[in-house]
Amino acid sequence: MSDSPAGVVDMLGVLAYAELTAFLRLAEDAATLAPTLTDRAELSDLAAAEYGNFRLLRDRLAALGVDPEEAMAPFVAALDDWHAQTRPGDWLEALVKAYVGTGIAADFYREAVRRVDEETRAIVNEALAEEVRSRFVVERVRAALAGNPKLSGRLALWARRLVGEALSQGHRVAAARPALALLLVSAAEDAGVLASADTDLVEIGRLFARLTEEHGRRMSALGLVPGP
């Protein structure tokens, strides 16, 4: 740990718990919302991938001499609250959540990962890979919209709710875990932004603005209209 910023354990802890809860929620959605056995299998594959990512992150924490449960514990409330507030009501909402929710989390941690050691960076980037998820979800949502364009408005509102709740919980975590927030601000400094005690909160705000821009890109990929 001597070569890693203090926020690394927080970053690994929150990401590990995010992957664990993603596994549990995707498995539940596959069992209760998937309309066909093929869809159930596809979403189950995604759930299994999330659990594999959790194990990677858990093992990295252990290798750093950190108890994974202790590292994850500070983030349980925020992530559980996000899932409780964004429980999908049907299959398409579950797909949009899988795509949008994990996507904005991935963007968040890619910002921070620039300041961690090379081995941790490689593990985090592996855990954040989303090509398979993107292809499956985009195909299903676009097909649904082609068959019923009226779904677009409802799903766009749902996606905006997802990102709004995610940003709210992200602010909550950043305020409660200054070491993680500092890691993000330091990453901004590496990108050419001068960080100081007076500008930290401003820079965090800029970070969330960038995350919102990436959300718009994902909305477009799904065939939905980005909005505020």
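Trainee: Which helix does Ile 123 lie in?
Mentor: Ile 123 sits in α6, residues 118–127 (helices are DSSP runs of H or I, at least four residues, numbered from the N terminus). Keep in mind that this is a predicted model, where local features need pLDDT of at least 70, side-chain atom pairs count only at pLDDT 80 or more, and totals for chains, interfaces and linings use all residues. Residues are numbered from 1 along each chain as its sequence is written, and side-chain values use heavy atoms, with hydrogens and water left out.

Trainee: Is Ile 123 buried or exposed?
Mentor: Ile 123 is buried, at a relative accessible area of 15%; buried means under 20%, with a 1.4 Å probe and protein chains only.

Trainee: And what does Ile 123 touch?
Mentor: Leaving out residues up to four places away in sequence, Ile 123 touches Leu 56, Leu 57 and Arg 60, where contact means heavy atoms within 4.5 Å. Arg 60 is 63 residues from Ile 123 in sequence, yet their C-alphas are 7.9 Å apart.

Trainee: Switching to the largest pocket, how much space lies in it?
Mentor: About 660 Å³. Among the 40 lining residues, Ala 18, Leu 79, Trp 82, Gly 101 and Ala 105 are the closest to its centre. A pocket is an open set of 1 Å grid points over the protein atoms alone where a 1.4 Å probe fits, with protein on both sides within 12 Å along at least five of seven lines; lining residues have an atom within 4 Å of a point.

Trainee: Which helix gives the most to that lining?
Mentor: α1, with 11 residues.

Terms used. Helices (H or I, at least four residues) and strands (E, at least two) are DSSP runs, numbered from the N terminus. Buried means under 20% relative accessible area, exposed over 50%, partly exposed in between (1.4 Å probe, protein chains only). Grid points are joined across faces, edges and corners, and a volume is the space filled by probe spheres set on the points.
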